[in-house]
Amino acid sequence: MTNNQFPEGFLWGGAVAANQVEGAYLEDGKGLSTSDVLPPAPARFKLLFHGKGEIPQIEEGTYYPSHEGIDFYHRYKEDIALLAEMGFKVFRTSIAWSRIFPSGDDEHPNEAGLKFYDDVIDELLKYGIQPLITMSHFDMPLALLENYGGWRNRKLIALYERYARTLFKRYGDRVKYWITFNEINMLAHIPFISGGIVIAEGENKAQAVYQSAHHQFVASALAVKAARELMPEAMVGCMVAGEAIYPFTSKPEDSIEAMEHARITQLFTDVMVKGEYPYYTENFFRKKNVELVTEAEDAVLLRDHTVDFISFSYYTSTAVSSDPDHPDKASGNLFGGVVNPYLQSSDWGWQIDPLGLRCALHQMYERYGKPLFIVENGLGASDTLEPGDIVNDDYRIDYLNRHLIEARRAIEEGVELIGYTSWGCIDLISASTGEMKKRYGYIYVDRDNEGGGTLRRIRKKSFHWYKEVIATNGASL
Ligand code: BGP
């Protein structure tokens, strides 16, 4: 690492997810997925967090932007060419489980679905871009929820393992980097989209959440095991929504509260990285009235098949207060917390904290000592397309620039960071709002919330900025 550059071979790129870009939601044999039945905001919010006690259905008369996405399904060649123009070394996308096994438990995989990802992967490799594949990113076949109850049912472990083995056999010769579940810790916050679980009226949510999480942990361990057998060179990672956590004041009670808040995510990472539940689990579960149902072999599977790297998203930090009546609750932050008076917020209320990224990197590296990969980071903003096809997104450049400088500092300070894929490198459908207008991309997509627009792709100012960052391996920051 010289002249302010990142380490040699650093994996620069961007990230998207199938259900937020592909569209073609019922094409070529794809089954309905849990993300397909989520309407845009405001109706979406309630479903994301709590469900309605029943499985949502597509409502006639409602427009679902995600059903067409940005039409990546048909335009991936044009999009990948633009990513290549920026000099991407890696591109993170997910595979829609419902394209491969439309009902989740079908006897045979859907060849047309498999073929689509063959084509995407080959197109990436044509430009020397490594695919980083998330196997489950906020979607799963809806039939698994209807017929099994989603991840609360242990039977999903075997179905996921079969799905994983199908992917590894098909793509293992070309894909080195894999992630088993996107933001697995978000199960604790948005259980429907994250785990395909609907919480019934009056049900103990924590019981459903942690039982489902346990099943995902075992499924992930079995995927790691399968990867070792089928693709010995592959790297399999876990993925969590990351955050820096601060006590709101120096009051000791706030520190204790912040520590407890951190444990929610640490439980997820500990199991997948260290291979066992952390020491505080028994008490943590007792307080939440959780009684985990496990099988004898689970502990051994978890212990023997831990991940190779830790990937995480980072958008914001969280200030935690012990005062339940604190007047300034953070809005838009899925982690909860209160407003941090030292930080500014995005238009969606997410507080902007580049130094927090450096804290998060250190906290994770100190705890686990494994390679880290930032697989999401970025600013959701509503851009303006000016005459002459110009998008002056200086605010985005500023956000990304400041975060990358902190990432570089963390590397200088000794953290092993292997790559950075900013979120939504091309504009896409927002996961939390289901809408198009919250944009993250270097590439503008001419599409509005109502489905209007030509879908044309336009390079934003940040496109040229990022190209330079990659070309200089970070020295231009
Ligand atoms: C993460 C998800 C992504 C993504 C991102 C931005 O939680 O992994 O899928 O969308 O957040 O969130 P949003 O789209 O709500 O702005």
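Helices (H or I, at least four residues) and strands (E, at least two) are DSSP runs, numbered from the N terminus. Covering rests on contact, defined as two C-beta atoms, placed from the backbone, lying within 7 Å. This is a predicted model, in which local features need pLDDT of at least 70 and side-chain atom pairs count only at pLDDT 80 or more, whereas totals for chains, interfaces and linings use all residues. Residues are numbered from 1 along each chain as its sequence is written.

**Confidence**

- The protein chain has an average pLDDT of 96, and 99% of the residues score at least 70; pLDDT is the predictor's confidence in each residue, from 0 to 100.
- For the complex, the predictor gives an ipTM of 0.99 and a pTM of 0.97.

**Helix 10**

- Helix 10 spans residues 252-274 and bends by about 40° at T265, the bend being the angle between axes fitted to the seven residues ending there and the seven starting there.
- The buried residues of helix 10 include D254, E257, H261, T265, L267 and F268. A residue is buried if 20 or more other C-beta atoms lie within 10 Å of its own, exposed if 12 or fewer, and partly exposed in between, with C-beta atoms placed from the backbone.
- L267 belongs to helix 10, and this residue counts as buried because 21 C-beta neighbours lie inside 10 Å.
- Leaving aside neighbours within four places in sequence, L267 is in contact with Y277, P278 and T281.
- L267 and L379 are 112 residues apart along the chain, and their C-alpha atoms are separated by 28 Å.
- G275 follows helix 10 and has a positive phi, near 85°.

**Strand pairing**

- Strand 2 (residues 90-94) pairs with strand 3 in the parallel sense over five bridges, and F91 stands opposite P131 in strand 3. Strands pair if DSSP finds at least two bridges between them.
- Strand 3 (residues 130-134) is mostly covered, with four of its five residues buried.
- Strand 3 and strand 4 are also parallel, paired over three bridges; here L132 stands opposite Y177 in strand 4.
- Strand 4 (residues 177-179) in turn pairs with strand 5 in the parallel sense over three bridges, where I179 stands opposite G237 in strand 5.
- Strand 5 runs parallel to strand 6, to which ten bridges join it; A244 stands opposite S317 in strand 6.
- Strand 5 is mostly covered, since eleven of its 13 residues are buried by the C-beta count.

**Ligand surroundings**

- There are 14 residues around the ligand, and E183, G380, S430, A431 and S432 come nearest; a residue is near a molecule or strand if its C-beta atom, placed from the backbone, lies within 6 Å of it.
- The shell around the ligand divides into five nonpolar, six polar and three charged residues. Ala, Val, Leu, Ile, Met, Phe, Trp, Tyr, Cys and Pro count as nonpolar, Asp, Glu, Lys and Arg as charged, and the others, Gly among them, as polar.
- S430 is found in the loop between strand 10 (417-423) and strand 11 (443-445), and S430 is buried because 22 other C-beta atoms lie within 10 Å.
- Not counting residues up to four places away in sequence, S430 touches G380, E435 and K438.
- S430 and V339 are 91 residues apart in sequence and 23 Å apart in space, C-alpha to C-alpha.
- E183 lies in the loop between strand 4 and helix 8 (191-195), and E183 is buried because 27 other C-beta atoms lie within 10 Å.

**Backbone features**

- Most residues other than glycine have a negative phi, and most peptide bonds are trans.
- E183 has a positive phi of about 35° although it is not a glycine.
- D71 likewise has a positive phi, near 60°, and is a residue other than glycine.
- D71 is placed in the loop between helix 2 and helix 3 (72-86); D71 counts as partly exposed because 17 other C-beta atoms lie within 10 Å.
- A41 and P42 are joined by a cis peptide bond, with omega about 5°, and P42 is in the loop between helix 1 (18-21) and helix 2 (43-49).
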